[in-house]
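The sequence and structure come first.

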Amino acid sequence: VKVLTLFKYASEQASPRPNYVLKTDDDTFVRMDLIMENIAMLPRECVYWGNQNALHKSLTELPKHHKWHVPLDQFRAIPTYGGMGTKYMQGGGYLVSMDFIRRIALQI
């Protein structure tokens, strides 16, 4: 719910309007110099960027009784980018472009 509230705020009220939103855990030390360096190489749209463990199953591939399982229809609002599908980012944070955030916020 906290992340959805963040996305709703960013899409409707943040001023000036950001190109991206960085979501981090409260115990994460953010290296903004490295993030800014990497953002310069990213497109402005269709960005879901972070640390993805390719060995993890996507949340939709987990058994239905698993506590982190998410039905595939809940991912319909998020287009795939670079063949990522329903994989998720792990670790202390991730960056999302505003077009994704607006799409997600419209679903709330």
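The points below are grouped by topic, after a short note on the model.

The model is predicted: local features need pLDDT of at least 70, side-chain atom pairs count only at pLDDT 80 or more, and totals for chains, interfaces and linings use all residues. Residues are numbered from 1 along each chain as its sequence is written, and side-chain values use heavy atoms, with hydrogens and water left out.

**Overall fold**

- The chain contains three helices and three strands, where helices (H or I, at least four residues) and strands (E, at least two) are DSSP runs numbered from the N terminus.
- Read from the N terminus, the order of the elements is α-β-α-β-β-α.
- Of the contacts between residues at least 6 apart in sequence, 74% join residues at least 24 apart; a contact means heavy atoms within 4.5 Å.
- The chain has 108 residues, and 26% of them count as buried, that is, under 20% relative accessible area, with exposed meaning over 50% and partly exposed in between (1.4 Å probe, protein chains only).

**Nonpolar cores**

- A nonpolar core is a set of buried Ala, Val, Leu, Ile, Met, Phe, Trp, Tyr and Cys residues joined through side-chain atoms within 4.5 Å.
- The largest such core has ten residues: Phe7, Ala10, Val21, Met89, Tyr94, Val96, Met98, Phe100, Ile101 and Ile104.
- Two or more residues of this core come from each of α1 (2–12), β3 and α3 (98–106), and α3 gives the largest share, four residues.
- A second, separate core of five residues includes Ile35, Ile39, Val47 and Leu95.
- Leaving aside residues up to four places away in sequence, Met98 touches Ala10, Ser11, Arg17, Pro18, Asn19, Tyr20 and Val21.

**Second largest pocket**

- A pocket is found on a 1 Å grid over the protein atoms alone, as an open set of points where a 1.4 Å probe fits, with protein on both sides within 12 Å along at least five of seven lines; lining residues have an atom within 4 Å of a point.
- The volume of the second largest pocket is about 240 Å³, taken as the space filled by probe spheres set on the points, with grid points joined across faces, edges and corners.
- Its lining has 17 residues, and Leu22, Ile35, Trp49, Gly93 and Tyr94 lie nearest the centre.
- Two or more lining residues come from each of β1 (20–24), α2 (32–39), β2 (48–51) and β3 (90–97), with the largest share, five residues, from β3.

**Local features**

- The peptide bond from Ser15 to Pro16 is cis, with omega near 0 degrees, and Pro16 lies in the loop between α1 and β1.
- Cys46, in the loop between α2 and β2, has a phi near 60 degrees, a positive value in a residue other than glycine; its relative accessibility is 26%, so Cys46 counts as partly exposed.
- Tyr9 belongs to helix α1 and is partly exposed, with a relative accessible area of 44%.
- Between Tyr9 and Ala105 the C-alpha to C-alpha distance is 8.6 Å, although they are 96 residues apart in sequence.
- Asn38, in helix α2, is partly exposed at 27% relative accessible area.
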